[in-house]
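Subject: Structure handover and notes

Hello,

Please find the sequence and structure below. My notes come after them.

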Amino acid sequence: TKNTKPSLVIIGKSLHENEYESNFLKGIKVKTTKDLRWKRVDIKTINLLAPVLAKQLAADNNCQEAWLIDDNGYITEGSSSTAWILKNNTLYTTPLSNSILNGITRQSLIKGLKKNKLKLVEKKFNINDIRLSDEAFITSATQYVMPVVQIDNYKIGNGKIGKYAKIFRKVYMEAITLS
């Protein structure tokens, strides 16, 4: 009706820096699952049922994040993050399309990588690429740059964070403080 006033709901959660640092130093685990979201995820909406179900599946499997797989077998992104893999000193992430949300954290890391002349390729990757990767990461507003040490039953590298984790986090933090 004409007289309906909009409502604003804000939910806050305290994030402790020492919890982030602890997770960063040991890395996180990721579970892959089919991407069930609608086909315009580049439009930020409140249509979050599919990502919430993916995140719950990850939690049920003792993982902190889920990576979503499209109908062609490629990783689109995380349920609440951007997915990245590193192979031969080159960082890969899915290129922009209707299938991913172009998040600010993603944009900031890319800006920092370019400024520091670190190799980045925006290219789709799949489970086989993940198995062959040297390191993996997620980025998000609450996780900044977070190393991934296991995806499904595959250990990334040796199951410990790699040498690029701290480099990429530093690059990201510099990009956001110099903006």
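Predicted model: local features only at pLDDT ≥ 70, side-chain atom pairs only at ≥ 80, totals over all residues.

Residues are numbered from 1 along each chain as its sequence is written, and side-chain values use heavy atoms, with hydrogens and water left out.

Helices

Helices (H or I, at least four residues) and strands (E, at least two) are DSSP runs, numbered from the N terminus. The expected span of a helix is 1.5 Å times one less than its number of residues. Buried means under 20% relative accessible area, exposed over 50%, and partly exposed in between, with a 1.4 Å probe and protein chains only. Contact means heavy atoms within 4.5 Å, and an arc is that of the directions from the helix axis to the C-beta atoms.

Helix H5 takes in residues 164-177; its 14 residues should span 20 Å at 1.5 Å a residue, and its end C-alpha atoms are 20 Å apart, which agrees. Buried in H5 are Tyr-164, Ala-165, Phe-168, Arg-169, Val-171, Tyr-172 and Ala-175. They cover an arc of only 160° around the axis, so they sit on the same side of H5. Lys-170 and Thr-177 are exposed on the other side of H5. The cover over the buried residues of H5 includes helices H1 (17-26) and H3 (104-115), together with strands S4 (82-87), S5 (90-93), S7 (135-140) and S8 (144-151).

Helix H2 (49-60) passes the same length check: 12 residues should span 16 Å at 1.5 Å a residue, and the end C-alpha atoms are 16 Å apart, which agrees. Pro-51, Ala-54 and Ala-58 are the buried residues of H2. Their arc around the axis is only 60°, which puts them on the same side of H2. An α-helix has 3.6 residues a turn, so residues three or four places apart point the same way. The face of H2 turned away from the buried side carries Leu-49, Val-52, Leu-53 and Asp-60, which are exposed. Strands S1 (28-34) and S2 (65-69) are among what covers the buried residues of H2. After H2 comes Asn-62, with a positive phi near 60°.

Pocket and cavities

On a 1 Å grid over the protein atoms alone, a cavity is a set of points where a 1.4 Å probe fits but cannot get out; a pocket is an open set with protein on both sides within 12 Å along at least five of seven lines; lining residues have an atom within 4 Å of a point. Grid points are joined across faces, edges and corners, and a volume is the space filled by probe spheres set on the points. For lining classes, Ala, Val, Leu, Ile, Met, Phe, Trp, Tyr, Cys and Pro count as nonpolar, Asp, Glu, Lys and Arg as charged, and the others, Gly among them, as polar.

The largest pocket has a volume of about 1,500 Å³. Of the 46 residues that line the largest pocket, Ser-80, Ser-81, Ser-140, Ala-141 and Thr-142 lie nearest its centre. H1 gives the most to this lining, with five residues. By class, the lining of the largest pocket has 17 nonpolar, 18 polar and 11 charged residues.

There are two cavities of 30 Å³ or more. The largest cavity holds about 50 Å³ of space, and S7 and S8 each supply at least two residues of its lining. That lining has seven nonpolar, one polar and three charged residues.

The second largest cavity has a volume of about 30 Å³. Its lining consists of Thr-76, Glu-77, Thr-82, Ala-83, Thr-93, Thr-94, Ile-100, Leu-101 and Arg-106. S3 and S4 are the elements that give two or more residues to the lining of the second largest cavity.

Two buried residues

Arg-106 is found in helix H3 and is buried, with a relative accessible area of 3%. Not counting residues up to four places away in sequence, Arg-106 touches Thr-82, Trp-84, Thr-93, Thr-94, Pro-95, Leu-96, Ile-100, Leu-101, Glu-122 and Thr-139.

Ile-75 is found in strand S3 and is buried, with a relative accessible area of 1%.

Regards
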